[in-house]
Amino acid sequence: MGEHHGPDKGIKRWLYTTNHKDIGTLYLCFSLAMFFLGGILAMVIRAELMYPGLQVVDPDFFNQMTTCHGLVMVFGAIMPAFVGLANWMIPMMIGAPDMALPRMNNWSFWLLPVAFSILTSSIIMSTLGFGQAPNFGWTFYAPLSTTYAPASTDFFIVSVHLMGISSIMGAINVVVTIFNLRAPGMTLMKMPLFVWTWLITAFLLIAVMPVLAGAVTMMLTDRHFGTSFFDAAGGGDPVLFQHIFWFFGHPEVYIMILPSFGVVSAIIPTFSRKPLFGYASMVYATASIALLSFVVWAHHMFTTGLPLAGALFFMYMTMLISIPTGVKVFNWVATMWRGSMTFEVPMKFALAFVILFTIGGFSGLMLAMTPIDYQYHETYFVVAHFHYVLVSGAAFGIFAGVYYWLPKWTGVMYNEKLANAHFWCSTIFVNLLFFPMHFVGLAGMPRRIPDYSWQFADFNWWISIGGFGFGLSQLLLLAVVIQAGRGKGKKVSDEVWEGAEKWGLEWTVPSPAPYHTFSTPPVIK
Amino acid sequence: MAEKATTYYVPHSSPWPIFASIALGTLVLGLVHFIQQNTSAVDNDGSLGGLMFLVGVAGMITVLSLWWRDTITESLANMNSAQMDVSYRMGMMWFIFSEVMFFAAFFGALFYVRNLAVPWLAGEGSNEMTNALLWPEFEASWPLLMTPGGDTTQAMGPWGLPLINTIILITSSVTCTFAHHAVVAGDRAKQVRWLGITLILGYAFLVLQGYEYKHAYQDLGLTLDAGIYGSTFFMLTGFHGLHVTMGATMLTVMYFRSRKGHLTPDNHFAFEAAAWYWHFVDVVWVFLFIFVYWL
């Protein structure tokens, strides 16, 4: 075997690769494609909701759009983007030669296009008039997903199985890489916070993706083999589905935010030129959030008629999460305090993340209170809440990370004009899109319904404008990434950002990072 | 043989992962078509689902065999450093943890229906009107022998076949450990013998489990569609049986590799992985015996 083999030629490089950087690139490109697909579905939703009444699509198709938008964005855009960042950065950050299990790494990726071809084909077929795509909401509650669901549901079930297998293998790879492949001297408490947050995320993935697999398997047998898991006539309970789903689902929402915490914790020190404030407390806060995520799931189900003791328990546990989350936000602010700050695009996105994610966190605190949730449940307030944490939270974290590391990946600085335009358009439109949703939600506009009362008309028009604006702004991101990917731009130095060298190993290797980084591990002092 | 490698071996590139993805995709698509074509819930008029499923299965077996042939070749050529051995071990442990969580979903469902859903349907707590308005005749019991909808079944007793199966599986875990000791001691004759005995016990368990299912369906009326008792019974024991089959397959491979002398005292990760997996299905069975058959 050659010690320093370069990449294969042509398409085989991408199909057969075992290189963490190639696989990271594949994940990120796939995620970008899914981001646009999910975005197109969202545009259909906003087009229908721009005016009251039914004008663009029929209600059945609208249901399929909300369902598939959620599924594509959660499983196709956000999660693979994080795995892409992990693949690229974790080995470089801990001084490892590659991911621990390189062939399995490739398999984790290539299961995703298979899974999403299955899901996407049901959307395409529905658009062409053959049957219906999944239409029961991204949470696929029984009996909507069992007794009343279209034939495509079974294909959806197996595509979830494939995504699950992919996620579990990807997560195992991350955990093993971090535990076993750290360079000498890289103790756990010296690891960059991005590595820490991913380690904890990977643990959550391994713990809950199998539970999701169990849930969809029970759906399958209820649909076809006469089992009664979610059927009260047979002694089961539809609410059981919600318990199992949210036991997966709540850790899942932290899976979609923790790596962004890590990205932001890397960026803010660099551009404040100060070490991260409270590193150890950041680690403990992340771990606390992860552990608490296992005991809060029923706060999604307050209106199902939980026993009082259950509702109280889940309410208090949920509110407890605001403490470690608050620790993080205050640490980021304290890191910036009296720093010599500059505002490059990654920093702009990181700052927007801190502010907008905190807004989403506050609305989450409101939703955590059981009696108040009775009012807010299933309204646009909930939609506003989780889009603040997932779009201006998770997605902004990904944008920030991409801008931060793109020069390291490609060797050239991104086009700053376009990147700044992308930031400002995204930030303005994302608020126009989601902020008014709080108002219409508090006023009682239900989510997942293609029509609404006249009094919500003005706000919804603005929301749709925000939606189209945000969607189109992402073309700027595409342009930036393509330009940088083709090597067009100013060449950058190894440390890329002034003084970045002391913040992480990734800034000590050449830009662009060579195909193999640490064949012999560096020694960390 | 060469000395053990000291650098971390990163394989160059491999066609197997992407072919495995294609094969697995074919397998699941075939499975869905096959299920839809043979049940009545949705319209699917074709008949090729079963064939597609079999093509997928054959594809998976082929690709995984080739993939593992590569890893065995590398292992025999001593390309795996000690550090890589640790990676494999950690990977297997976390994989088993994910399997534990898979079973946790079904055990969670079992505990939920036993302790909450079924009593609630019978009016416990604040659910008096649920019972009075929906199924006033319904009374809670576990095993649930009559569902709210009126389906009836008989319960599977624990002290016949299930007890025998418990003894068989626990014994097989012990014999597997004897084989492990023989591997560590480098005693090939012994490891082959104990592995062989483990395999016989494992396959005996599967045969008896099949016999028990036949008994359940034919004599007890205990079927998948006999209400939540049957649902949880077959889901838990069925997935356990599937995992025993996988474990037994791994051990079968180990049996032949051990006869070829592949397992040496300082290079036998594959055997340990299979053994851990075997202990895992054994522990799951103990929980099954207690919570599904006995209590």
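User: How do the axes of helix α14 and helix α15 of chain A cross, and within what distance do they come?
Analyst: In this predicted model, the axes of helix α14 (residues 380–410) of chain A and helix α15 (residues 416–442) of chain A cross at roughly 165° and come within 7 Å.

User: Are the two roughly parallel or roughly antiparallel?
Analyst: The angle is over 145 degrees, and therefore α14(A) and α15(A) are roughly antiparallel to each other.

User: Is the crossing left-handed or right-handed?
Analyst: The crossing of α14(A) past α15(A) is left-handed.

User: Which residues meet there?
Analyst: From α14(A), the residues include F381(A), H387(A), Y388(A), V391(A) and Y403(A). Among those they meet in α15(A) are A419(A), V430(A), F434(A), M437(A) and L442(A). By class, this contact of α14(A) with α15(A) has 14 nonpolar and four polar residues, with no charged residues.

User: Turning to chain B, what is its domain assignment?
Analyst: Chain B is assigned domain 1 (8–79) and domain 2 (83–102 + 154–294). The C-alpha centres of these domains of chain B lie 23 Å apart.

User: What pLDDT does chain B average, and what are the ipTM and pTM of the complex?
Analyst: Chain B averages a pLDDT of 94, and 98% of its residues score at least 70. For the complex, the predictor gives an ipTM of 0.95 and a pTM of 0.96.

Definitions and conventions: Residues numbered from 1 in each chain as written. Chains lettered and ligands numbered in written order. Predicted model: local features only at pLDDT ≥ 70, side-chain atom pairs only at ≥ 80, totals over all residues. pLDDT = per-residue confidence, 0-100. Domains from an automatic or database assignment. Axes fitted to C-alpha atoms, helices over the stretch in contact; angles between N-to-C directions. Helix = DSSP H or I, 4+ residues; strand = E, 2+ residues; numbered from the N terminus. Parallel < 35°, antiparallel > 145°, perpendicular 65-115°, else oblique. Left-handed = near helix turned anticlockwise from the far one by under 90°. Contact = placed C-beta atoms within 7 Å. Nonpolar A, V, L, I, M, F, W, Y, C, P; charged D, E, K, R; others polar.
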